[in-house]
Amino acid sequence: MPRRTRRTRASRRLAGFGAVAVLALSGCSSSGSESSPEAEGDTVTGTVTVLAAASLKEAFTELGERFERRHPGAEVTFGFGGSDSLAAGISNGAPADVFAAASAKTMKLVTDEGRTAGTPSTFARNRLQIATAPGNPHGISALEDLTAPGLKVVLCDRTVPCGAAARTALAAGGAGLTPVSYEQDVRSALTKVELKEADAALVYGTDVRAAGDKVEGVHFPESAEAVNDYPIALLDDAPNPSAAKAFVELVTSAEGRKVLGEAGFLEP
């Protein structure tokens, strides 16, 4: 049974999502007061379930809190994880209202099966950084530095968007390396560096920012060759389509872009 935790109100947030099943629940509170196109006058109630790439966790949690404040009768449930796992869950019939992926290629897996209602909208972009321990003890300043003998580097799995972006960037820089592990999503890769189980990882700049002083980020020019677009879509069999539509409108609104920008995402 999933473990339930609560903070300030009865909203639930799915902390992880496998191919079909939800692994854990955690709470989120309500805050924020800015208006958006879906904000005023609409009657939006019930639970809206949003499956989103792990790198969206902080920004979407904030948007979920704002959404619930604006619609007191609504509750947002998030499933954060690797985009490929989330897409597989949708394909296998996992109930959800909205899907936000970390790449257009992953979203296409869902649209090709006719699982989206309408055309997905690109709402943000993300760019890789090299994450190192605070103080950058190994003096990493370029992508080629990751190939130094004895350096333990972690990458996202090849099937997930951050892994695909890392391979593109490495190819652009002519840097061949064998990572000590491939992780299932970007947060798992970053955690390896935070726990000092790895010396460096290729992750999104937004995740480096979210980690605060637990890691240090290193920019590298080859990341420009591997910028990921983030699409969002209402699912065709959404249990709560009206609330789902309202949440998508919030994400793609000026307010949504501001929250995403504060988290480090680039505008599409």
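This is a predicted model: local features need pLDDT of at least 70, side-chain atom pairs count only at pLDDT 80 or more; totals for chains, interfaces and linings use all residues.
Which residues are linked with E62 in a network of salt bridges? R66, R70 and E255 are the partners in that network.

**Salt bridges**

The structure holds eleven salt bridges. Three pairs are set out here.

| Pair | N to O distance | Relative accessibility |
|---|---|---|
| E58 and R187 | 2.4 Å | E58 39%, R187 18% |
| R115 and D236 | 3.6 Å | R115 13%, D236 42% |
| E197 and K192 | 3.2 Å | E197 41%, K192 24% |

Take E58 and R187. Their closest N and O atoms are 2.4 Å apart. E58 belongs to helix α1, residues 57-70, and R187 to helix α5, residues 186-194. The bridge therefore ties together parts that lie 129 residues apart in sequence. R187 has 18%, and so counts as buried; the cut-off for buried is under 20%.

R115 and D236 come next. Their side chains meet in a salt bridge at 3.6 Å, N to O. R115 sits in the loop between α3 (104-111) and β6 (121-126). D236 sits in the loop between β12 (228-234) and α7. Here the pair ties together parts 121 residues apart in sequence. R115 is buried, at 13% relative accessibility. D236 is partly exposed, at 42%.

E197 and K192 form another bridge, with 3.2 Å from N to O. E197 is partly exposed at 41% relative accessibility. K192 is partly exposed too, with a relative accessible area of 24%.

**Helices α7 and α8**

Two packed helices are described by the angle between their axes and the distance between the axes. How do α7 and α8 pack? Helix α7 spans residues 241-252 and helix α8 residues 254-262. They pack at an angle of about 60°, and their axes are 4 Å apart. The two helices are therefore oblique to each other.

Which residues make the contact? From α7 come L250, V251 and T252. From α8 come A254, E255, G256, R257 and L260. By type, the contact residues divide into four nonpolar, two polar and two charged.

One residue links the two topics. E255 in α8 meets α7, and E255 also belongs to the salt-bridge network with E62, R66 and R70.

Notes: Residues are numbered from 1 along each chain as its sequence is written. Side-chain values use heavy atoms; hydrogens and water are left out. Axes are lines fitted to C-alpha atoms, for helices over the stretch in contact, and angles run from 0 to 180 degrees between N-to-C directions. Angles under 35 degrees count as roughly parallel, over 145 as roughly antiparallel, 65 to 115 as roughly perpendicular and the rest as oblique. Contact means heavy atoms within 4.5 Å. Ala, Val, Leu, Ile, Met, Phe, Trp, Tyr, Cys and Pro count as nonpolar, Asp, Glu, Lys and Arg as charged, and the others, Gly among them, as polar. A salt bridge is a side-chain nitrogen of Lys or Arg within 4 Å of a carboxyl oxygen of Asp or Glu. Buried means under 20% relative accessible area, exposed over 50%, partly exposed in between (1.4 Å probe, protein chains only).
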